[in-house]
Amino acid sequence: MPPLLYPLVYDDIECPCVFELGGRYYLLGSIREDVSVRYWFAPDFFGEYHSFQSDVVLPHGNYAARTVLDGAHLLVYNFFYVQRKNDSLRVLPPPKELEIDQEGQLLLKSYYRWNQMIKKIIPQGYLPDVNHLFSNPSATSVIEPDKWVCGSKGGYEVFYFQKPSACFIWEGLLIVEGMGKLGLVTDIDQNGNGYFISLDVSNGHTEITAWGFNPLDNRQNFIFNNLQAGNFTTNEAKTYRFRLIRYGSYIELSIDGVVKLTLVDYTYTGDVVGLFSASSVLSLQEITFSVLPDPTEEFASREEEQKQSGT
């Protein structure tokens, strides 16, 4: 059979995988140029295959996707390239699930077995105290058992609490009031080094950045690596349900039930999580912190990543 399509702009489309879901056939293909997994759809196996406007099912760094049927759950497994390059260390992160929306577009959902792994659930009113990291004089926080309201009129502030466990699921309802920048932080230390997850609720864009001090180079004494980005659907109420998973070196963010960030990174292992504000006000409600067990055997190690990168 000839190739299913001839894009003439890619090096190639690797690791094709075809499956049926909701009466349609879907073709997964891995694109070497941007190290992502995209998809096409058709009414039957032999096509012709078409593309939606948004065709990325697994974002930058994920590659070689394969589907596995687990009862009623259609799982998708893939490699992750730690340096987001197709010649870097490959690891096998936890799977996700595939579903479709009303238009037939694929939705990436969190693995259902996460809930089976939870050892303890800590509700919002029983979480550790919320603190201000940078002591910004224009920053305020009102912490009540069922609602946190945090904001910074001028400049920047991180509102944080100590992680009850290294591996966790932190989730809840985030409501944005007014303008300004905001997002989540995880694995932050007392100097502000860690992962910053920005949430642009005007344009529906999220991005995770490894940001902190670089003691190895006094001419570039900072680390600022944009690790991965994704898009989400905005709403007029500016109200979003988030779910942040940290499991070993794996990080996953879902917004309104759809996975938008899924990656592996070894840069930071700080002991606090929270949120940041720059001229914004946001509230958190219905918060829970679920304790996960540590991985019995890490799917990849920091030492392996350092060995391959030569650092």
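Is Arg 113 buried or partly exposed, and at what relative accessibility? Arg 113 counts as partly exposed, at 31% relative accessibility. The structure is a predicted model. Across the whole of it, a search finds seven salt bridges.

**Arg 113 and Asp 70**
- A salt bridge joins the side chains of Arg 113 and Asp 70, at 3.4 Å from N to O.
- Arg 113 sits in the loop between β9 (106-110) and α1 (114-117), and Asp 70 belongs to strand β5 (residues 62-70), so this pair ties together parts 43 residues apart in sequence.

**Asp 55 and Arg 38**
- Asp 55 and Arg 38 form a salt bridge, with 2.7 Å between the closest N and O atoms.
- The loop between β3 (36-42) and β4 (56-58) holds Asp 55, while Arg 38 is in strand β3, so the contact ties together parts that are 17 residues apart in sequence.
- Asp 55 counts as buried at 13% relative accessibility.
- Arg 38 also counts as buried, at 17%.

**Arg 243 and Glu 171**
- Arg 243 pairs with Glu 171 in a salt bridge whose closest N and O atoms are 3.3 Å apart.
- Distant parts of the chain are linked here: strand β19 (residues 239-247) carries Arg 243, strand β14 (residues 168-177) carries Glu 171, and the two residues are 72 residues apart.
- Arg 243 is buried, with a relative accessible area of 13%.
- Glu 171 is partly exposed, with a relative accessible area of 23%.

Methods:
Residues are numbered from 1 along each chain as its sequence is written. This is a predicted model: local features need pLDDT of at least 70, side-chain atom pairs count only at pLDDT 80 or more; totals for chains, interfaces and linings use all residues. Side-chain values use heavy atoms; hydrogens and water are left out. A salt bridge is a side-chain nitrogen of Lys or Arg within 4 Å of a carboxyl oxygen of Asp or Glu. Helices (H or I, at least four residues) and strands (E, at least two) are DSSP runs, numbered from the N terminus. Buried means under 20% relative accessible area, exposed over 50%, partly exposed in between (1.4 Å probe, protein chains only).
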